[in-house]
Amino acid sequence: MAVENHDSPTPGTVRPGGRTARVRAAVLRAAEDALVERGFGGLDLGDVAQRAEVGRTTVYRRWGTTSALVADLLADMAEQSLPRSRSGSLAEDLRANARLVQRTLADPRQGALFRAVIVAAACDAEAAEALRLFYRRRVEEWAPCVTEAVERGELPTDTDESEVIRAVSAPLYYRMLTTAEALDEPAADRAAAAAEAAARAGAHRRQDT
């Protein structure tokens with residue numbers, strides 16, 4: 001899912017001030033820079049400390065490993081993520097979700113950051129768990145728009161809300177990771193329309209066991 005740029009936080013998402021908060025923000029921003037430039041394999045706590053202009057011991061004491069730092073970065077990204085759309089229309093809400101994902105992945109910085117984090121999750125169990133938590137939180141944020149569509153009678157009553165939201169973003173991530181084609185709004189709109197059509201046809205019903 002998508003996140004906003006840390007340079008322009010959404011009102012209500014900025015934490016109270018204080019040295020600890022300022023140090024964390026500086027370190028996480030530096031970690032982002034390092035991941036964008038060097039990827040997970042090039043992430044180094046000492047380098048992050050230098051970029052953030054904080055003591056190495058502070059970084060090593062608080063985070064300890066690059067995996068823990070990535071996990072904290074993902075937690076912060078989840079907290080800073082934009083809230084879901086509330087248009088009252090399933091088609092519009094899913095399109096808003098898809099376009100938010102598209103803008104994030106097409107952004108040179110954010111797209112590179114997500115690719116680095118996905119690579120980290122592929123080779124590190126702690127990073128993988130942090131990534132799962134990040135996406136679970138983002139799916140939970142957007143799932144109510146599907147619940148509301150069910151309540152309006154637009155979808156089958158046993159529709160799996162989370163599966164519908166995952167179906168919106170999955171084609172966009174696949175396109176980013178496997179092709180050199182532009183990730184543009186038409187691609188986002190197609191992903192949203194496909195997810196909506198599948199949900200209306202009952203393709204995303206809960207599979208009870």
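1. Contact here means heavy atoms within 4.5 Å. The model is predicted. On that basis, and leaving aside neighbours within four places in sequence, Ala121 is in contact with Ala127, Ala128 and Leu131. Ala121 sits in helix α6. Its relative accessibility is 18%, so Ala121 counts as buried; the cut-off is under 20%. One distance for reference: the C-alpha atoms of Ala121 and Glu181 are separated by 24 Å. Those two residues are 60 apart along the chain.

2. Next, Asp124. This residue is in the loop between α6 (108–123) and α7 (125–151). Asp124 is buried but has no salt bridge. The nearest side chain of opposite charge belongs to Arg132, and it is 9.4 Å away. A salt bridge would need a side-chain nitrogen within 4 Å of a carboxyl oxygen. What does the side chain of Asp124 have beside it instead? A polar atom of that side chain lies 3.1 Å from the backbone nitrogen of Glu126. Asp124 also touches Phe40 and Ser67, not counting residues up to four places away in sequence.

3. Aromatic pairs. A search of the whole structure finds four. In one of them, Phe114 and Tyr173 have ring centres 6.5 Å apart and planes at 70 degrees, so the pair is edge-to-face. The pair links distant parts of the chain: Phe114 is in helix α6, Tyr173 in helix α8 (residues 161–178), and they are 59 residues apart. Both Phe114 and Tyr173 are buried.

4. Tyr173 also pairs with Tyr135. The ring centres are 5.7 Å apart and the planes are at 85 degrees, so this pair is edge-to-face. Tyr135 lies in helix α7 and Tyr173 in helix α8, so the pair ties together parts 38 residues apart in sequence. How exposed or buried is Tyr173? Its relative accessible area is 11%, so Tyr173 is buried. Phe114, Phe134, Tyr135 and Tyr173 form one aromatic cluster.

5. Helix α9 covers residues 185–200. The expected span takes one less than the number of residues.

6. The ends of α9. Asp184 caps the N-terminal end: a side-chain oxygen lies 3.1 Å from the backbone nitrogen of Ala187. After the helix comes Gly202, with a positive phi near 90 degrees.

7. The buried side of α9. Its buried residues are Ala187, Ala188, Ala191, Ala192, Ala195, Glu196 and Ala199. An α-helix has 3.6 residues a turn, so residues three or four places apart point the same way. Cover for the buried residues of α9 includes α5 (90–106) and α8. Glu196 is on the buried list too.

8. Last, a backbone angle. Most residues other than glycine have a negative phi. Glu53 is not a glycine, yet its phi is positive, about 60 degrees. Where is Glu53? Its place is in the loop between α2 (45–52) and α3 (56–62). Glu53 is exposed, because its relative accessible area is 75%; the cut-off is over 50%.

Terms used:
Residues numbered from 1 in each chain as written. Predicted model: local features only at pLDDT ≥ 70, side-chain atom pairs only at ≥ 80, totals over all residues. Heavy atoms only, no water. Helix = DSSP H or I, 4+ residues; strand = E, 2+ residues; numbered from the N terminus. Buried < 20%, exposed > 50% of the residue type's maximum accessible area, 1.4 Å probe, protein only. Lys, Arg positive; Asp, Glu negative; His and termini not counted. Polar contact = N/O pair within 3.5 Å; in protein donor to acceptor, adjacent residues only side chain to side chain. Phe/Tyr/Trp six-rings, centres within 6.5 Å; stacked < 30°, edge-to-face > 60°. Expected span 1.5 Å × (residues − 1).
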